[in-house]
Each structure stands twice: as structure tokens, then as C-alpha cells.
Amino acid sequence: MAIRPEEITKIIKEKIEHFDTSVDVSEVGTVIQVGDGIARVHGLNHVKASELVDFGNGIKGMAMNLEYDNVGCVLMGADTQVKEGDVVKRTGEVISIPVGAGVIGRVVDPLGRPLDGKGEIQADKNMPLDIVAPGIIDRQPVKQPLQTGIKAIDSMVPIGKGQRELIIGDRQTGKTAIAIDAIINQKNIPEKERCICIYIAVGQKQSTVAQVVKTLTDFGAMDYTVVVSATASDPASMLYIAPYAGCAIGEYFMWQGKDVLIVYDDLSKHAQAYRQMSLLLRRPPGREAYPGDVFYLHSRLLERACKLSNENGGGSITALPIIETQANDVSAYIPTNVISITDGQIYLESNLFLSGIKPAVNVGLSVSRVGGSAQRKTMRKVAGTLRIDLSQYQELAGFAQFGSELDKESQRQISRGQRMTELLKQNQYSPLTVGEEVLSLYAGTHGYLDELTVADVLPYEKQLLAYVRAERKDVLETLNTSNELTADLENKIVTLLDQFKTVFKAGK
Amino acid sequence: MNNSTACRAAQRYAAAYDSLSTTTEQAVVRAEELSTAEQALAGVNDLLASPSVPLTQKQAAVQAALKNWPQVASFVEVLLAAKRYNLLAQIVADVYALADKRQGILRAQIVSARPLSDTEKQHAQRVLSTRYGQDVKAVFRTDKEVLGGLKIWCNGELLDGSFQGQLNRLQEELIK
């Protein structure tokens with residue numbers, strides 16, 4: 001692009017001509033102490049809580065503690081550029097983020113500044129970060145399913161649009177993988193029903209975020225995704241506001257009647273960042289040194305996930321917060337808090353992960369409190385008893401380990417359980433459409449896998465899906481769109497599975 | 001002890017000292033006395049601040065230095081006994097602020113590029129008095145970096161009519 005100096009000169013001249021030369025009146029204070037991302041300011045007598053203040057040099061701060069003779073502020077930038085005696089100005093604004101359709105496909109920081117080098121973001125307006133969640137009248141119950149494309153989740157822990165479903169587990173158990181798969185799966189969903197996805201990285205490594213962005217780009221998921229990134233090298237204040245910033249972007253789309261899926265990865269680090277800020281601001285520490293309002297920190301964020309009433313456009317925000325536990329301890333402070341706030345949890349266990357069950361969902365401890373009513377009827381009919389069957393299998397499998405003689409019924413249950421466990425395994429980045437899920441679970445729950453060896457289950461499923469995609473697209477289409485498993489449709493499935501049985505046997 | 005606690009302690013001592021005066025005039029005189037006493041104690045500051053010197057010796061030094069102001073001497077002895085002598089400078093400032101409050105006076109700091117004439121000074125103070133509805137007593141300072149115009153700090157506000165401020169704002173505008 002050619003640079004035209006005369007155009008630049010014209011713009012500068014115009015700006016100088018229209019420059020307001022009147023006296024600038026601002027309420028000011030003086031920095032009396034600065035360090036660790038916190039500044040104490042004397043003055044600013046009328047500053048309001050959470051108001052943005054200007055430290056000069058482009059550094060902004062947020063007034064957090066309004067004390068008798070000073071104001072405790074967190075800095076939204078490097079504290080090395082702020083020194084004692086500097087003048088701080090009130091701005092009269094609360095912290096906000098630019099939002100608009102132009103933010104889709106971009107990687108931004110919690111203040112809405114682009115991080116992907118793709119130039120300025122075209123924003124329609126500014127949204128305040130911390131707003132009160134929509135009230136009861138504005139909402140309607142969760143009733144539409146949100147497909148993650150993961151068999152184990154869509155069948156046993158269904159998620160509805162507007163729900164808050166926690167993903168919890170130790171490190172390296174596949175928490176982020178589930179969230180990313182759910183985002184990638186939106187590609188399989190017709191554009192009208194597709195969610196706009198927002199991935200919020202809080203305290204992650206820059207390399208991890210870069211990897212996530214690359215994966216999403218490779219799978220074409222960045223076309224409908226926004227990444228808000230506050231990495232481990234950013235100040236605690238940025239980590240603190242990141243989830244609220246992402247949620248504000250989501251709310252913009254929600255009020256336009258769109259469905260939004262937000263992944264908070266992860267809220268443990270968010271709580272730690274808030275703890276750091278609170279302790280430095282000398283707020284009294286409570287359990288595990290977290291401040292007293294750490295519950296409110298997360299409840300006010302997750303309350304913003306909702307399904308709006310039809311009068312309000314019917315948009316929704318579905319939240320998938322992630323919590324990392326230490327040594328599978330779900331009874332620690334932050335995990336119990338977030339478990340109690342959310343509408344259910346997907347509990348991932350390292351033992352399952354290490355024994356090759358991926359996704360490592362612990363069926364017994366994972367629940368979805370509101371998603372069941374949002375589940376498609378086809379899926380509910382196919383997978384209705386799956387959770388109980390698998391729980392019974394796990395109990396029986398424990399007995400079977402002692403080598404005791406088992407009756408025929410128990411042996412059948414164990415055999416079915418082994419095959420279903422195998423069937424629920426799924427590779428990363430390979431989400432299935434709802435039709436494919438229903439078909440493969442139908443085969444499992446109706447005994448089509450019973451005569452196969454456990455090792456043959458996954459090849460069977462793979463070939464079945466390939467066969468259906470190639471030969472019986474019509475059945476798949478009907479399953480993808482239909483909400484009822486009619487007798488006619490069921491007959492079609494049975495015929496298809498019978499036909500495939502011979503194809504699979506011949507292929508072996 | 002953090003800054004904030006010290007500030008609050010200084011304000012409590014200042015309020016106690018101020019409450020000794022029943023009239024505004026008395027409060028102003030007492031504020032002046034305390035300020036003079038602080039200057040008179042400058043010579044024995046090291047001794048009074050030293051933790052190794054016994055209290056009796058410190059009290060004797062204060063009595064000797066402040067024999068003309070017995071009430072102020074008693075106040076300083078209270079500070080020494082409570083180990084709050086380090087707050088004296090802050091207390092003096094706070095006592096002045098309380099005396100100003102009693103008189104309805106606002107303090108201002110006016111910075112200009114060149115020294116102002118008496119007429120200009122009076123005019124500036126008059127304009128500020130009208131703006132805030134109170135008497136304004138200003139301290140005038142020169143700073144070449146202001147370039148032109150005035151920069152005024154008063155009542156927790158910065159009224160920036162300086163060329164320096166305008167150029168800074170123009171710079172921000174152009175960068176935007």
C-alpha cells in the first residue's frame with residue numbers, strides 16, 4: 001500500500017484545527033506507593049469503585065479499594081512506568097471492551113486490543129465488562145441442546161444452550177480438549193443453529209494459546225470463534241478481567257438473538273489472580289488465602305450465562321468453565337464453589353485417562369442438572385439407560401476382578417459394559433454429528449456389538465460410519481434433523497445395521 | 001505499619017491538637033506555634049528519633065528547645081512517649097489543613113512558566129475563589145516546562161490551561 005504524505009498531512013491539520021484548547025479540568029490524585037501491579041493513590045476523593053483511572057503514558061488502572069485516605073488501584077500495564085508522585089486522573093468511565101461483528105475470528109487481549117497482527121478491530125460499540133446478569137423475567141428455561149460432538153457427553157451429560165457445565169479434572173486429563181472439540185463441532189452444525197464460540201485463556205502459557213489458535217484455524221473454527229487471551233506473563237489485573245471481557249463480547253451477540261458458547265480456561269487461575277490482587281491490596285484472606293468474595297467473583301460471572309426469552313430475541317450464552325484440581329481433590333475451595341454454582345460437571349479422571357479411556361469422563365461423578373430436558377428425543381431414547389448401565393458395569397467389574405463365579409446376566413452386563421466403554425472412546429478433534437452419535441450408540445445399546453471382540457468395537461464403529469456416509473446418507477440426514485425416533489426411522493436403522501453386519505464380516 | 005495507618009494516626013493526633021483551640025484565631029495561632037516548634041526541634045531531631053536514647057533524656061531536650069511553648073512541648077512529649085515522633089511533619093500539615101478548614105480557606109498551587117505579577121496573582125486567586133465559593137490562598141511556583149498558561153492544583157482538581165498540557169493532549173489525539 002502506497003503511503004500518501006499529503007493525505008496524512010491533511011488529517012493532522014484537521015485534527016489540530018479542531019483541537020479543543022479550553023482548560024482541561026480533571027479530578028486528580030498522587031501516587032504514594034507503587035509495586036507488584038498495585039498503586040496507592042492519595043486524592044481522587046470522588047472516585048467510584050471499579051472506575052478506570054489514568055496514570056499517563058497510556059497506562060490505565062482500576063480503582064478497587066476506596067479507603068479513608070487513599071485509593072488502592074490495580075494497574076492494567078507495567079508498573080515500572082509508574083512512579084511515586086505521578087499524577088493520576090479520574091476518567092469517569094468503567095472498564096469496557098469494544099465489540100462488534102469484526103471481533104469474530106480475532107485474538108484479542110481483555111481490553112479488546114488485537115494480538116493477532118491482523119490490524120485494528122472494527123467495533124460497533126463498547127460494552128462494560130462487569131454488568132449484572134439478566135433477571136428472571138428476561139430468561140426462559142434451557143430447552144435446546146448444544147451438541148459437543150463427543151459421544152460420552154452428548155449421551156450421558158447433555159448440555160443445553162444457556163447452561164453452565166463445569167469441566168473439572170487434574171492436569172493432563174483432556175479438559176481443554178473437550179472444550180476445543182465442542183468448538184470445532186459447531187462447524188458440523190447448520191449456520192442458523194451454530195454457536196459463536198469464545199475461548200478465554202486465563203493464565204495459560206503463550207505457547208498453549210498459540211497451539212489452540214492454530215488448531216482452531218486448521219479446523220476452520222476461527223470463522224466463528226473469538227479468542228480472548230490473558231497469558232501467564234500478563235499482570236494479574238488482566239487475568240482478573242479476562243473472563244468478564246469474554247462474557248461481554250458474548251453478551252453483545254446474545255442480545256442480537258445469537259447463541260454463544262464461552263469456554264473459561266481456566267477459573268482456578270482466575271481465582272489465583274484475584275487472590276494475588278486481593279492480598280496485595282491488603283484485603284483480609286480467608287480459606288486457602290482467597291478473599292471472602294471469591295464465590296461472588298465466579299457466581300456473578302457464571303450467572304451471566306443464560307437463555308433469553310423469545311421477547312428478548314431468544315439468544316443464549318452457554319458457559320463451559322474449566323477447573324484444574326490438584327491430585328483429584330474436588331473438595332478444595334474453588335472446585336466446590338464452582339461445582340455449586342454450575343448446572344453440573346464433567347469430571348475427568350487421570351486414572352481413566354492413563355488406562356486409555358479418552359475422553360476420561362467419570363460417568364458416576366459427572367452430571368448435568370438441566371441438560372436432560374434439552375436432550376434430543378432420539379438421543380434420549382437411545383442412551384436413556386446408558387449412565388445407569390455403565391455404573392452397574394463398573395460395580396460388577398470390581399467384583400469380577402476377584403475371579404468369583406458370575407451368573408449369566410452379570411456376565412452379559414459386563415460384556416455389554418466393556419463394549420460400551422470401548423464405544424464411548426473417541427479421538428481428539430473428531431467430533432461426530434448427532435446422527436452419527438445416535439447411530440453408533442444404537443448399535444451399542446441394542447446388542448450389535450455383543451458378538452464382536454472388544455478390540456473390534458472401534459474399527460466396527462469407524463467402518464459403520466464410513467459406510468453410512470457413503471451408502472446411506474439419507475438415514476444420516478434424517479437422524480441429524482429429526483427430533484423423534486419414529487418406528488419407521490428405527491426400522492431403517494435396524495435394516496442398515498443388519499446390512500452392515502454382513503459387510504463388516506465380509507471385510508474381516 | 002503501612003503508609004495508610006501512619007496517615008490515619010497523624011490525622012488523629014492533629015485532630016486532638018486542633019481540639020485544644022476554641023476559636024478559629026486560636027487554632028491558627030496554635031498551628032503556627034506547632035510549625036515553629038517543629039523547626040526549633042530540627043537541631044535535636046536525630047536525638048529524638050534515636051531508639052537508643054532514653055525517654056527522660058529526650059523529654060529534657062524537648063523542654064530545653066521549647067521552653068517558650070509549654071503546651072507544644074507537652075504535645076511533643078506525648079508523641080515521644082507513644083513513639084509517634086516520626087509523624088510530626090505530617091501532623092503539622094494536617095493541623096494546618098484543619099485550621100484552613102475552620103477559616104474556610106482552600107489551598108492552591110499555581111505553576112506558571114514565568115513569575116506572575118501581583119495583579120495576575122490576585123486575579124488568579126479571585127477566579128479560583130469564585131469557582132469554589134471559598135477563599136483561596138495560593139502558592140506560586142515557576143516551571144519552564146509548562147511553556148505558557150497556568151497549571152493549577154486546587155481542591156483535588158487539576159485545572160490544566162498550560163501549553164504543555166495542550167501539547168500532551170494533542171499528542172494523544174494524534175496517536176489515536
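Colleague: Let's start in chain B. Which residue is the bridge partner of Ala108(B) in E3(B)?

Modeller: Bear in mind that this is a predicted model. Strand E1 of chain B, residues 105–112, joins E3(B) through five bridges, and the two run antiparallel. Within E3(B), Ala108(B) has as its bridge partner Cys154(B).

Colleague: And how many of the residues of E3(B) are buried?

Modeller: A residue goes down as buried when 20 or more other C-beta atoms lie within 10 Å of its own. Strand E3 of chain B spans 150–154 and is mostly covered. Of its five residues, the buried ones number four.

Colleague: E3(B) also pairs with E4(B). Which residue takes a positive phi in their hairpin?

Modeller: These two strands pair in the antiparallel sense over four bridges, with Ile152(B) partnered by Leu159(B) in E4(B). The hairpin has two residues between the strands. The one with a positive phi, near 55 degrees, is Asn155(B).

Colleague: Now across to the other chain. Which residue in E4(B) stands opposite Ser26(A)?

Modeller: Strand E1 of chain A, residues 24–35, is joined to E4(B) by four bridges, and they run antiparallel. So E4(B) pairs with E1(A) as well as with E3(B). Opposite Ser26(A) stands Leu158(B).

Colleague: Which element gives the largest share of the side of chain B that touches chain A?

Modeller: The contact takes 21 residues from chain A and 16 from chain B. On the chain B side, the elements giving two or more residues are helix H1 (3–18), strand E4 (157–160) and helix H8 (163–175). That side divides into five nonpolar, six polar and five charged residues. Its largest share, six residues, comes from H8(B).

Colleague: Staying with strands, but in chain A: what stands opposite Glu51(A) in E6(A)?

Modeller: E6(A), residues 87–94, pairs with E1(A) in the antiparallel sense over three bridges, and there Gly29(A) stands opposite Val88(A). Strand E3 of chain A, residues 51–54, pairs with E6(A) too, antiparallel and over three bridges. In that pairing, the residue opposite Glu51(A) is Val94(A).

Colleague: On to the helices. Are H13(A) and H15(A) roughly parallel or roughly perpendicular to each other?

Modeller: H13(A) covers residues 434–445 and H15(A) covers 473–481, and their axes are 7 Å apart. They pack at an angle of about 105 degrees, and angles from 65 to 115 count as roughly perpendicular. The two helices are therefore roughly perpendicular.

Colleague: Which residues of H15(A) make that contact with H13(A)?

Modeller: By class, the contact has five nonpolar, two polar and one charged residues. H13(A) brings Val434(A), Gly435(A), Glu436(A), Val438(A) and Leu439(A). From H15(A) come Leu476(A), Leu479(A) and Asn480(A).

Note on methods
Residues are numbered from 1 along each chain as its sequence is written. Chains are lettered from A and ligands numbered from 1 in the order in which they are written. This is a predicted model: local features need pLDDT of at least 70, side-chain atom pairs count only at pLDDT 80 or more; totals for chains, interfaces and linings use all residues. Two residues are in contact if their C-beta atoms, placed from the backbone, lie within 7 Å. Ala, Val, Leu, Ile, Met, Phe, Trp, Tyr, Cys and Pro count as nonpolar, Asp, Glu, Lys and Arg as charged, and the others, Gly among them, as polar. Axes are lines fitted to C-alpha atoms, for helices over the stretch in contact, and angles run from 0 to 180 degrees between N-to-C directions. Angles under 35 degrees count as roughly parallel, over 145 as roughly antiparallel, 65 to 115 as roughly perpendicular and the rest as oblique. A residue is buried if 20 or more other C-beta atoms lie within 10 Å of its own, exposed if 12 or fewer, and partly exposed in between; C-beta atoms are placed from the backbone.
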